[in-house]
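Let's take a walk through a protein together. Have the sequence and the 3D view ready, and look up each residue as we reach it.

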Amino acid sequence: MRVQQITLRELRLPLREPFRISSGVVSDRRIFLLELHDADGIVEWAECVAGEQPNYTSETVETAWMAITSWLAPRVFGVDFESPADVGPVLERDLRGHSMAKAAVEMGCWGLAALRAGKPLAELLGGTRDRVVTGISLGIQANPDALVARAKDARSKGYRKIKIKIMPGKDVEYVNAVRQALGPEISIMADANSAYTLSQADHLVKLDAFNLLMIEQPLGQDDLVRHAALQRRLQTPICLDESITSLDRAEDMLTLGSGRIINIKPGRVGGFTVSKAIHDTCERANIPVWCGGMLESGVGRAYNVALASLPNFKLPGDLSPSSRYWERDIVTPEWTMDAEGMVRVPRDRPGIGVTVDVDRVENLTVRRQVIAA
Ligand code: OSB
Ligand code: MG
């Protein structure tokens with residue numbers, strides 16, 4: 001496989017409702033798409049999940065655009081890759097950071113390779129599931145009642161896990177309200193996006209009262225040592241998100257006991273090959289993983305669903321259907337979820353399994369750049 005040309009596009013896609021986490025809010029998602037062309041004229045789409053602001057990781061749409069056009073795309077152009085697993089190391093060599101930019105190129109090569117081989121992406125990756133179990137990530141709300149209303153709605157739609165974004169001042173009361181309203185059966189978890197410090201451990205221990213499935217990334221984005229200290233005090237399993245940026249960091253988590261679960265987002269770790277390696281290492285260590293989300297369009301979702309079909313994705317992923325985010329997605333068919341909270345893995349079509357609505361993408365595009373070998 002030889003990539004000859006990449007078209008980069010930025011689209012603006014308004015979210016149905018602003019999504020607020022402890023470190024910021026997004027209303028209009030800047031969707032960053034890549035269209036990869038190979039030497040035989042085959043084309044597949046990919047998505048770069050970088051944020052509008054550097055409030056989740058240091059990357060943004062701007063930095064990723066620069067990284068792809070200046071350094072990453074030129075490295076893959078014209079190279080004859082035997083396997084998409086060979087792309088990651090080429091992007092990694094002497095090029096620090098920019099994981100989401102790397103991931104977009106690397107995963108695009110996986111998508112292209114699947115299409116070329118006439119195989120569904122999930123199959124090329126080694127995924128075994130036909131359906132993946134899905135949860136919802138609820139942003140921070142103005143008050144507990146507003147959160148409870150959204151949690152009840154989510155349960156009625158079939159979601160199998162409800163993730164509540166928390167921050168100091170909007171935590172115990174909010175989680176308590178949802179647990180009281182929904183009862184003891186439903187899986188509830190909290191995600192702090194690094195909003196706390198270890199000095200607040202006494203406060204975080206109060207969350208043990210609500211039988212949470214896990215608490216995601218309570219402490220610093222690059223801090224494994226303090227998470228280990230906190231895990232020793234918490235009954236609730238800690239799940240790391242921001243902190244797991246590579247296979248090494250996942251191994252460090254295991255060594256230090258910084259958490260008991262990992263949220264794998266392929267964008268955050270630099271692509272599919274590293275995601276698979278983290279998945280395999282966790283499987284051997286009896287650590288369950290689940291697939292996180294980055295408010296992707298239907299293109300990015302296709303990659304996440306394929307990844308989540310691997311066997312150790314044992315917990316519900318942030319893999320909500322298109323209608324949770326958008327008035328209308330940019331792919332056909334849109335992503336849907338059944339009443340049991342399951343999303344179907346498209347195993348009946350080669351490549352990413354959805355078709356990009358190119359006319360609509362063209363209409364929504366605010367920036368476009370073509371780079372070629
Ligand atoms: O921490 O998982 C997170 C969205 C943007 C940045 C960080 C996070 C999230 C989500 C959204 O939780 C999950 C989704 O795509 O539904
Ligand atoms: Mg998170």
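Here is a short tour, stop by stop.

## Before we start

This is a predicted model, so local features need pLDDT of at least 70 and side-chain atom pairs count only at pLDDT 80 or more, while totals for chains, interfaces and linings use all residues. Residues are numbered from 1 along each chain as its sequence is written, chains are lettered from A and ligands numbered from 1 in the order in which they are written, and side-chain values use heavy atoms, with hydrogens and water left out.

## The magnesium site

Which residues hold on to the magnesium ion (ligand 2) as protein donors? They are Asp-191 (OD), Glu-216 (OE) and Asp-241 (OD), lying 2.1 to 2.3 Å from the ion. Donors here are N, O and S atoms within 2.8 Å of the metal (3.2 Å for Na, K and Ca); water is not among the atoms, so sites may look incomplete.

Along the sequence, the donor residues follow the spacing D-x24-E-x24-D. Asp-191 sits in strand β7 (residues 188-191) and Glu-216 in strand β8 (residues 215-216), so this pair ties together parts that are 25 residues apart in sequence. Helices (H or I, at least four residues) and strands (E, at least two) are DSSP runs, numbered from the N terminus. Asp-191 and Glu-216 are both buried. Buried means under 20% relative accessible area, exposed over 50%, and partly exposed in between (1.4 Å probe, protein chains only).

## A helix with a kink

Next stop: helix α1 (residues 61-76), which has a kink of about 50 degrees centred on Ile-68. The bend at a residue is the angle between axes fitted to the seven residues ending there and the seven starting there. Ile-68 is also one of the buried residues of α1, and others among them are Trp-65, Leu-72 and Val-76. What covers these buried residues includes β1 (3-21), β2 (24-38) and α3 (99-117).

Now look at the two ends. At the start of α1, a side-chain oxygen of Thr-60 comes to within 3.2 Å of the backbone nitrogen of Glu-62. Just after α1, Gly-78 takes a positive phi of about 75 degrees.

## Charged partners

Side chains of opposite charge can pair when their charged atoms come close. The count here comes to 29 salt bridges, a salt bridge being a side-chain nitrogen of Lys or Arg within 4 Å of a carboxyl oxygen of Asp or Glu. Take Glu-10 and Arg-30, whose side chains meet at 2.7 Å, N to O. Glu-10 lies in strand β1 and Arg-30 in strand β2, so the pair ties together parts that are 20 residues apart in sequence. Are they buried or exposed? Both Glu-10 and Arg-30 are buried. They also belong to a network of salt bridges that links them with Arg-12, Glu-62 and Arg-367.

Other pairs reach further along the chain. Arg-150 and Glu-17 form a salt bridge at 2.9 Å, N to O; Arg-150 is in helix α5 (residues 144-157) and Glu-17 in strand β1, 133 residues apart. Arg-116 pairs with Asp-38, with the closest N and O atoms 2.5 Å apart, and this links helix α3 to strand β2 across 78 residues. Arg-116 counts as partly exposed at 37% relative accessibility, whereas Asp-38 is buried at 4%.

For Cys-48, the nearest cysteine sulfur is that of Cys-109, 14 Å away. Cys-48 is buried, at 1% relative accessibility. For Cys-291, the nearest cysteine sulfur belongs to Cys-239, 12 Å away. Cys-291 is buried too, with a relative accessible area of 1%.

## A buried asparagine

Last stop: Asn-263, found in strand β10 (residues 261-264). Asn-263 counts as buried because its relative accessibility is 0%. The side chain of Asn-263 reaches the backbone nitrogen of Gly-292 at 3.2 Å. Leaving aside neighbours within four places in sequence, Asn-263 is in contact (heavy atoms within 4.5 Å) with residues including Lys-163, Trp-290 and Cys-291. Two magnesium donors, Glu-216 and Asp-241, are also among the contacts of Asn-263.

Methods
A polar contact is a pair of N or O atoms within 3.5 Å; within protein, one must be able to donate a hydrogen and the other to accept it, and residues adjacent in sequence count only if both atoms are side-chain atoms. A disulfide is a pair of cysteine sulfur atoms within 2.5 Å.
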